[in-house]
Amino acid sequence: MVLEELVPKESGREARIDKKRAETQARREREASPEANDKDLMGGGPDFKAEMERKRNFMALKHIERREEALDKIAAYREKERSKMAEFLELARVSKAQNALWQG
């Protein structure tokens, strides 16, 4: 507030000219900036290709791990099923020996 009282704010045509000068100055600074170039902004070059290859390899390893886990689960299920069938057949043999199933 005090600053505005000491130095009045420009208005009208002078204000528009100063505003355009400031915008032009900011644009020139952005264009001259070394940190913003198309290669970095849009991707590409060896870094982009390397990143895509790394991602592809990661996904392939993940797929292999999931497949191995699934195969392990299947093997465990089959072993569990075999043990249940062995118990069932043993019960059937014992029952047959006692003629429990064939008595009428």
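Trainee: Let's start with Glu90: how accessible is Glu90?
Mentor: Glu90 counts as partly exposed because its relative accessibility is 41%. Buried means under 20% relative accessible area, exposed over 50%, and partly exposed in between, with a 1.4 Å probe and protein chains only.

Trainee: And what does Glu90 form a salt bridge with?
Mentor: Its partner is Arg93, with the closest N and O atoms 3.0 Å apart. A salt bridge here is a side-chain nitrogen of Lys or Arg within 4 Å of a carboxyl oxygen of Asp or Glu. Arg93 and Glu90 are 3 residues apart in helix α4, so about one helical turn separates them. Helices (H or I, at least four residues) and strands (E, at least two) are DSSP runs, numbered from the N terminus.

Trainee: Before we go on, what kind of model is this?
Mentor: It's a predicted model: local features need pLDDT of at least 70, side-chain atom pairs count only at pLDDT 80 or more, and totals for chains, interfaces and linings use all residues. Residues are numbered from 1 along each chain as its sequence is written, and side-chain values use heavy atoms, with hydrogens and water left out.

Trainee: What's the mean pLDDT of the chain?
Mentor: The mean is 83, and 73% of the residues reach 70 or more. pLDDT is the predictor's confidence in each residue, from 0 to 100. Where pLDDT is low, the predicted coordinates should not be read in detail.

Trainee: Back to pairs. How many salt bridges are there?
Mentor: The structure holds 5. One of them joins Glu51 and Arg54, with the closest N and O atoms 2.7 Å apart. Glu51 is partly exposed at 38% relative accessibility, and Arg54 is partly exposed too, at 49%.

Trainee: What about Asp18 and Arg21?
Mentor: Their side chains meet in a salt bridge at 3.6 Å, N to O. Both lie in helix α2 (residues 13-32), 3 residues apart, so they are separated by about one helical turn. Arg21 is exposed, with a relative accessible area of 57%, while Asp18 is partly exposed at 31%.

Trainee: New topic: where does Glu69 sit, and is it buried or exposed?
Mentor: Glu69 is in helix α4 (residues 45-97). Glu69 counts as exposed because its relative accessibility is 52%.
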